[in-house]
Amino acid sequence: GFEARYDYLYPILKPLIRRIWRSAAVVTAISAEQVALAHRTMPELKPITIPNGVDTERFCPRPKPADETVRLVCAARLIERKGQHHLLRAVARLHERSTRRVQVTLVGTGDAEAMLRDLAERLGLADAVTFRGFVPRAAMPAEYHAADIFVLPSQHEGMSIALLEAMASGLPVIVTDTGGTAELVRDGENGKIVPWADVNALTDALASLAD
């Protein structure tokens with residue numbers, strides 16, 4: 001049940017997944033929500049939770065010069081589940097109600113890229129959105145250091161490595177209430193939590209942090 005586009009496969013895969021888990025010496029999960037998801041397939045499963053982590057010597061805060069432009073970064077596959085289309089619509093609404101300049105960098109590749117490029121054009125954001133494509137892991141610290149806010153408006157996550165990297169880099173974050181979010185983000189303290197697909201809430205969160 002993790003990804004809607006594979007819903008037609010899950011009834012076929014469930015018996016195989018159960019067989020693999022029963023024959024495993026141990027099953028691990030990366031967040032409490034992932035454990036709950038696994039229990040939907042196999043309620044008697046007793047997985048061990050090992051949260052994801054990042055290298056905090058590589059991903060750490062860096063000072064940067066003041067800039068009137070608010071720079072957003074979203075590092076994720078370009079697929080519908082990651083919600084970049086909601087982010088673009090929220091930025092367009094923010095432009096309508098604020099004179100503040102906002103730039104968006106989308107790091108990643110995926111089958112929704114053409115749709116997202118078309119959406120950016122239709123929303124009048126062609127000059128405000130940069131499609132960075134694939135960025136090697138070694139180059140990712142520079143992407144976070146160039147940004148002011150990290151946004152991951154995803155429908156489902158386990159425990160996002162990109163979110164951990166952004167937080168370790170000192171960025172405030174805007175995320176949806178999914179995956180390991182509750183174990184990482186305190187709403188109003190180190191970030192904002194918004195409902196999935198709620199463009200109005202996402203716009204308000206962007207406006208709050210941008211100001």
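L13 sits in helix 1, residues 10-23; helices here are DSSP runs of H or I, at least four residues, strands are E runs of at least two, and both are numbered from the N terminus. Quick caveat: this is a predicted model, so to speak, with local features needing pLDDT of at least 70 and side-chain atom pairs counting only at pLDDT 80 or more, while totals for chains, interfaces and linings use all residues. Residues are numbered from 1 along each chain as its sequence is written, and side-chain values use heavy atoms, leaving out hydrogens and water.

Back to L13. At 33% relative accessibility, L13 is partly exposed; buried means under 20%, exposed over 50%, partly exposed in between, with a 1.4 Å probe and protein chains only. L13, L16 and I20 make a nonpolar surface patch of about 250 Å².

Six strands form an open sheet, in the order 5-4-3-6-7-8, with parallel pairing; a pair needs at least two DSSP bridges between the strands. Strand 5 and strand 8 (191-194) are the edge strands, each pairing on one side only. From one strand to the next, the twist averages 20°. Inside the sheet, strand 6 (residues 149-152) and strand 7 (residues 173-176) share 3 bridges, and L152 stands opposite V175 in strand 7.

What packs on the sheet, touching strand 3, strand 4, strand 5 and strand 6? That's helix 3, and its direction makes about 170° with that of strand 4. Contact means heavy atoms within 4.5 Å; axes are lines fitted to C-alpha atoms, for helices over the stretch in contact, and angles run from 0 to 180 degrees between N-to-C directions. Helix 8 lies across strand 3, strand 6, strand 7 and strand 8, at about 170° to strand 8.

Okay, salt bridges. The whole structure has 10 of them, each a side-chain nitrogen of Lys or Arg within 4 Å of a carboxyl oxygen of Asp or Glu. One of them joins D204 and R97, with the closest N and O atoms 3.1 Å apart. D204 is in helix 8 (residues 199-210) and R97 in helix 3 (residues 84-97), 107 residues apart.

R100 and D211 also meet, at 3.6 Å, N to O. R100 is in the loop between helix 3 and strand 4, D211 in the segment after helix 8. D211 is exposed, at 70%, whereas R100 is partly exposed, at 29%.

Then there's R132 with E143, at 3.2 Å. R132 lies in strand 5 and E143 in helix 5, so the bridge ties together parts 11 residues apart in sequence. E143 is buried, at 13%, while R132 is partly exposed, at 39%.

How values were computed. Patch = residues over 30% accessible without salt bridge, like charges linked within 9 Å, V, L, I, M, F, W, Y side chains within 5 Å. Areas by Shrake-Rupley, 256 points an atom, 1.4 Å probe, with all protein chains shown as cover.
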